[in-house]
Amino acid sequence: MRNLLQKVALVIVLLAAAASVGCGRPFDIKTPSEMLELKDQDPPFAYRAMTPDGVVVAMRVVDDDRADLGFWEHAVTLRIRELAGYSLLHESDVTSHDGTKGKELVFGHDENGKPYVYKVRVFVAQGRVFVLEAGGAKPQMDRYTPVVDWTMNSVKVTCRALLSPVFASRTCNRW
Amino acid sequence: MRRVLVAITLIAGVAACGGAQSMSPPSSPSMAAAPPPPPPSPAMGGKPGGQPWASVLAKTTPGTPAGPASAPHVAMMLIYTAHLTLAVFQVEAGLDSVEALARSVGGYLSNRTDTQVTIRVPRARFDEALGSVEKHGDVLHRDVTAEDVTDEYADLDVRLKNARAMRDRLQQLLQNAAVKEAIDIEKELGRVTEDIERMEGKLKLLSDQIAFSTITVTFQPIDQNPVHDLARLPLPWLKDLGLAELLNVKEATP
């Protein structure tokens with residue numbers, strides 16, 4: 001009996017250690033077959049994938065628990081629209097795959113005389129800011145809209161699993 | 001000879017202070033400046049109170065009470081000018097559509113570069129045209145002005161009438177003048193004619209500016225100025241947002 005208790009305790013300790021160390025991203029995202037996930041990308045990109053013809057989806061994770069979604073949405077809009085001169089085409093409320101509320105901003109901008117589309121989704125969870133981006137030349141973005149949307153909609157920034165609080169981690173890939 | 005010189009002096013004196021005289025109502029059909037059409041009003045498609053320039057229009061629209069009820073009604077001569085700055089997206093298409101808009105409202109293209117287009121539209125359709133231009137893109141900045149040139153217009157109109165009257169009088173004198181007198185009269189006639197042409201040109205320009213409002217649309221390039229009107233959040237990740245950073249994909253090291 002004592003031996004069994006020791007084994008159970010050991011398993012718990014090992015699981016807890018694995019959870020606390022963390023070996024993945026603090027979010028989950030699915031890469032569609034039309035895109036290739038790129039490895040060894042420099043921070044702040046925690047994830048980046050692209051199609052053969054240059055449409056890129058990427059996630060930045062910023063450790064900052066000082067403000068809420070409204071603040072970050074406003075900051076991102078100002079930065080991109082007024083400083084970089086991007087045209088704000090559309091903004092809407094979105095929800096991540098795990099149910100976290102976020103904002104989507106769709107911008108347009110000409111690069112070398114050609115129109116490009118740049119989508120940004122912002123989520124706030126885990127004391128972090130998740131900035132999900134997608135962009136590319138407008139014809140390609142139009143063609144890949146279902147793929148890009150599918151990828152962006154697959155994102156989880158919190159885990160609703162029953163055991164996640166037990167392992168002291170609210171992230172999706174650390175347990 | 002003396003009488004002629006006295007006559008020229010008197011006519012010149014009258015013309016010089018003509019701007020201060022009260023004149024009969026303008027009736028000359030040859031006047032280059034026809035009374036301009038009424039200025040834009042909310043009834044012409046504008047959104048009263050809903051657009052930033054609505055207050056400008058409200059202040060300058062003739063008929064808007066601006067003083068005591070007994071004040072005489074004076075038709076205001078206003079030059080409307082608008083500058084819109086749009087975000088850079090599909091610039092070529094945007095420039096084309098603004099140009100097409102000018103033609104559709106009875107206006108014309110005044111100037112066009114790679115990033116800017118200036119159109120002139122009939123004043124009566126200025127409000128409508130401005131609203132349409134705003135639909136062609138994301139408006140970052142908007143500046144609408146209404147310059148009141150009523151005094152300048154009226155003054156120029158009176159001075160022109162006086163100058164024409166002087167020219168007519170000099171021409172009459174010239175018919176009966178001796179050779180030496182004729183030389184002096186022709187000299188004066190030349191100066192007056194020159195004045196008339198200059199004033200007619202100015203009046204024509206003013207009338208054109210009143211009759212056709214100017215709308216300039218600029219597609220703003222990326223702001224390279226390190227000093228901005230507003231403080232920016234000092235967060236590097238915010239600064240790095242955008243297509244350049246996103247699409248600049250790093251090749252993985254083997």
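Thr85(B) stands opposite Thr218(B) in strand E5 of chain B. Here two strands pair if DSSP finds at least two bridges between them. Helices (H or I, at least four residues) and strands (E, at least two) are DSSP runs, numbered from the N terminus. E1(B) and E5(B) pair in the parallel sense, over six bridges. The model is a predicted one: local features need pLDDT of at least 70, side-chain atom pairs count only at pLDDT 80 or more, and totals for chains, interfaces and linings use all residues. Residues are numbered from 1 along each chain as its sequence is written, while chains are lettered from A and ligands numbered from 1 in the order in which they are written.

Strand E1 of chain B spans residues 78-86 and is joined to E4(B) by nine bridges. These two strands run antiparallel. Leu86(B) has Val139(B) as its bridge partner in E4(B). His83(B) stands opposite Asp143(B) in E4(B). The sheet of chain B is open and has five strands. Their order is E2-E3-E5-E1-E4, and the pairing is mixed. Strands E2 (108-112) and E4 (139-148) of chain B form the edges, each pairing on one side only. On average, neighbouring strands of this sheet are turned by 15 degrees against each other, direction ignored. Axes are lines fitted to C-alpha atoms, for helices over the stretch in contact, and angles run from 0 to 180 degrees between N-to-C directions.

Chain B holds eight helices and five strands. From the N terminus on, its elements run α-α-β-α-β-β-α-β-α-α-β-α-α. Helix H6 (residues 179-211) of chain B lies across E1, strand E3 (116-122) and strand E5 (212-219) of that chain. H6(B) runs at about 55 degrees to E1(B). Two residues are in contact if their C-beta atoms, placed from the backbone, lie within 7 Å. Among contacts in chain B between residues at least 6 apart in sequence, 76% join residues at least 24 apart.

Burial was assigned from C-beta counts. A residue is buried if 20 or more other C-beta atoms lie within 10 Å of its own, exposed if 12 or fewer, and partly exposed in between, with C-beta atoms placed from the backbone. Of the 254 residues of chain B, 27% count as buried. In helix H4 (residues 126-134) of chain B, the buried residues include Phe126(B), Asp127(B), Ala129(B), Leu130(B) and Val133(B). They lie on the same side of H4(B), because they cover an arc of only 165 degrees around the axis. The arc is that of the directions from the helix axis to the C-beta atoms.

A nonpolar core is a set of buried Ala, Val, Leu, Ile, Met, Phe, Trp, Tyr and Cys residues joined through C-beta atoms within 7 Å. The largest such core has 75 residues. Val57(A), Met59(A), Phe130(A), Val98(B), Val133(B) and Ile215(B) touch the most other members. Strand E6 (residues 114-125) of chain A gives the largest share of this core, eight residues. Leaving aside neighbours within four places in sequence, Ile215(B) is in contact with Ala82(B), Ile119(B), Val121(B), Ala129(B), Leu130(B) and Val133(B). A second, separate core has seven residues, among them Leu160(B), Met166(B), Leu170(B) and Leu173(B).

Between the chains, 34 residues of chain A are in contact with 25 residues of chain B. By class, the side of chain A that touches chain B has 16 nonpolar, seven polar and 11 charged residues. Ala, Val, Leu, Ile, Met, Phe, Trp, Tyr, Cys and Pro count as nonpolar, Asp, Glu, Lys and Arg as charged, and the others, Gly among them, as polar.

In chain A, E4(A) and E5(A) pair in the antiparallel sense over eight bridges. The bridge partner of Val94(A) in E5(A) is Gly102(A). Five residues lie between the strands of this hairpin, where Gly99(A) takes a positive phi near 95 degrees.

Most residues other than glycine have a negative phi. Asn112(A), not a glycine, has a positive phi of about 50 degrees. Asn112(A) is found in the loop between E5 and E6 of chain A, and is exposed, with 5 other C-beta atoms within 10 Å. Gln90(B), also not a glycine, has a positive phi of about 50 degrees. Gln90(B) has its place in the loop between E1 and helix H3 (91-104) of chain B, and is buried, with 21 other C-beta atoms within 10 Å.
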